[in-house]
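Here are a few notes to go with the structure, meant for someone opening it without any background. Have a look around first, then read on.

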Amino acid sequence: MEKHPITGMEKRLITGIGLHSAAIIAFQLALMQLISMVQWHHFAYMIISVAMLGFGASGTLLALARKKLLHWSPWLVPALMTLSGLLMMVVFQAARLEMFRFDVYLLFSDRSQFPILAANYLLFFLPFFFGALAIGIVFIQHARSIGTYYFSNLLGSGVGGLLILVLSGAIHPLHAPPLIGLLSVGGGLISMRPGSRYGLIAFNILALAISLFMLKQPASLPLSEYKGLSRTLNLPETSVVYSEPDIQGHIEVVQGPALRYAPALSLAYTGAIPVKKQVFVNGDMYGVIPRHDPDASSHILDHTTMALPYVMADREKVLVLRPGPGSAVSQALLSGARRVDAVFENGGVFRLMQTRYAEASGNLMHQDRLHARNIQVRNFLANVPAGEYDMIALPLLESFGGTAGLNALREDYSLTKEAFQLMWEALSPGGVIAVSSWIDYPARTTLKLMATLVETARQNGIARPADHIAAIRSWGTITFVLKKQALTELEVARTRSFGERMYFDPALLPDIQEEERTRFNMIEEASLLAYLDLIMEGTSGLERDYGFVIDPSTDDRPYFSQFLRLKHIPRLSETFGQDNVPFLELGYLIVVVTLVQSLLLALLLIILPLLRLRRSPRRKSGTLLYFGALGLGYMFAEIILIQRFVLYLGHPVYALSAVISTMLIASGAGSLASGRINIPQASIQRVALVVAGILLAYTLLLTPLIRETLPAPLFVKTLLSLVIIAIPAFFMGMMFPLGIRFLAAYDHSQIPWAWGINGCLSVISTSLATLIAVESGFRIVMLVAFGSYLLACACFFFGKWFFRTPVGEKIPG
């Protein structure tokens, strides 16, 4: 328990720690957003690992030079905060220099990209390292009253997570780091002792000047040359005509005379293909701005396979999910639907089409028959009455030429088995689910879609899915239609007639003949049609034996675009060549590379230097196991809560900020409360058991709870989310300061070891948790977190085995 009143200097230091901690977490989230824009979202995991590496390496330096660092601490702590803030402002700009620029697409074809990636890792590591070193020095200085300082650290971090939400929707992402860095500089200024303030004031002036200079610079990002926006801007006379920051991603509108949109247009089409503006979000193609004409006799998409459900029968009430800027909505309206409901997940694009580009789109969003909503798909489906729609249309999946697996680790809850079940329940008796995809090679998306549709039919009592599924393909796309009732002879006849007119081939029909399946379009992978038939039969075990993951995704493993089976890599190398395999599933392999690289750097920068410390007569095994378990368990729980709340709150940005901020603030409250506990060792056992019990309950009950409350109003879900996240986080926040207080009495020299091993396990936890989630599901990751806190409890329950003391001494507490 803290015995002495807090002095004025200590209050300033506590405030400085809070500001500095807010900057660190806000910078981490801002950097994740910037890297996602320049490269792809997979590198978000790298940034989290980099941050944890900085904290772990700072603990190692504290262990090696503890006395000197503490001796210099009065001026060193504010200087480190200021230096960290300066680095936050400049490291991303430095990474844009030619010597640091790398491209993910070249990672496995140009081996020189690996050291450049490692150089980026170390460059981004610097502000976290110096920032964490300042915090670590303060923690060691005030180990016996750490609860208050740890509370300020976590509270500030939580506020930083909320701050990035405000900045993301207000300024260009490139301008966020210069503003965030000022928080650390301000923390350093507040933390200065009166006698040393003048000596460090020059750094503060320099930081302010750099921040103002960078904010005045034009905001332009050097995107990967393989990003959709980069490729589009290479076309003649093409330029960005509108740019807008948004919390769900940076939106850019591009125009040019060569921008025409007609995905796998029928070879029978003889009309003009209109020029259309294209919309990009974080540099990725999001769709085209349609020009809706209510008097037009047809839509350009009527000459693609996506017209199939409208050709088969008239559709009175249509639901269009994730239509991009709205081309599929325009098609539905022109196809004669009496009512069209559309679900737009990206709020920025939704507002853009309602306002700035309303006239350019023919006032599409203001049509009387259209009812558009800005809401997450699963939240919308959870509130749809049974039998509401005659047709539910999903967006076109994949892209022309494939995506190289870059969406492998993106959670997509609109394509899971549970989502398709909700769609099925929302269909009228004669209703259909329609979904289209670019035909990929080797076949993955096409086969997974087929497996999902067949599984949906079977789990709703359909013994012969072949009587309910029609599919037609062009030279580039394939469209599936799953009908709630058996297909009629008229619908089958109309499908064939449509194919004849458009030079499309039927891929699936109840009475399909083999010769009609390749009449107009040859197929790159001859076995594709045979695979579709095997999935339809459901007895071949193809989903289990195929070289890629094609069984339906679930809410526990919502990675629809993740296809790689690690055990099949040797077989894939033989079939496609060793150098080609990475380009089939690049996204998943990037996280594997991140895990290996972070593990090597953690060993190099954290563990190996600690081995130089002189041996202590007191055993370290308990310290290593306990603080390692905390690092692993906390990060595993955090990662899984983020991924689960993507479904609940509707967007990764909301989930990331809500989970991180709530966990850190609640953990800070727990840390503060831990200062009132007198007997750390006995308390640690009880608190660890409470955390383990909560995590076990979440493993069993969280998914059903989220599913049952998904239809609730956003306000109710927000309150429930805060409670769900805060309860375990509060008790988790007690365990680190309780452990530090125990070490302060047991062996003060082991505190840097605790800091270092906790950081080391945290470094690898982000990538490791994601890989386990992909391979085994969220529940397994949560069980590992549960086991980690049980291990932490065991370290003190069997204390005499893990904490050895010299003869005659007792373990404190």
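How many helices and strands are there in the protein chain?

1. The protein chain has 27 helices and 12 strands; these are DSSP runs numbered from the N terminus, with helices being H or I of at least four residues and strands E of at least two. Keep in mind that this is a predicted model, where local features need pLDDT of at least 70, side-chain atom pairs count only at pLDDT 80 or more, and totals for chains, interfaces and linings use all residues. Residues are numbered from 1 along each chain as its sequence is written, and side-chain values use heavy atoms, with hydrogens and water left out.

2. Of the 813 residues in the chain, 61% count as buried (under 20% relative accessible area, with exposed being over 50% and partly exposed in between; 1.4 Å probe, protein chains only). Take the contacts (heavy atoms within 4.5 Å) between residues at least 6 apart in sequence: 78% of them join residues at least 24 apart.

3. Next, α21 and its partner α24 (residues 714-746): their axes come within 11 Å and cross at roughly 170°. The axes are lines fitted to C-alpha atoms over the stretch in contact, with angles from 0 to 180 degrees between N-to-C directions. The two helices are therefore roughly antiparallel (over 145 degrees; under 35 is roughly parallel, 65 to 115 roughly perpendicular and the rest oblique). Among the residues that meet here are Tyr626 and Phe645 in α21, and Met735 and Phe736 in α24.

4. Is His20 buried or exposed? His20, in helix α1 (residues 8-38), counts as buried because its relative accessibility is 0%. Leaving aside neighbours within four places in sequence, His20 is in contact with residues including Met81, Gly131 and Leu183.

5. Last, Arg410 sits in the loop between β8 (389-393) and α14 (417-426). With 37% relative accessibility, Arg410 counts as partly exposed. The C-alpha atoms of Arg410 and Pro652 are separated by 9.4 Å, though the two are 242 residues apart along the chain.
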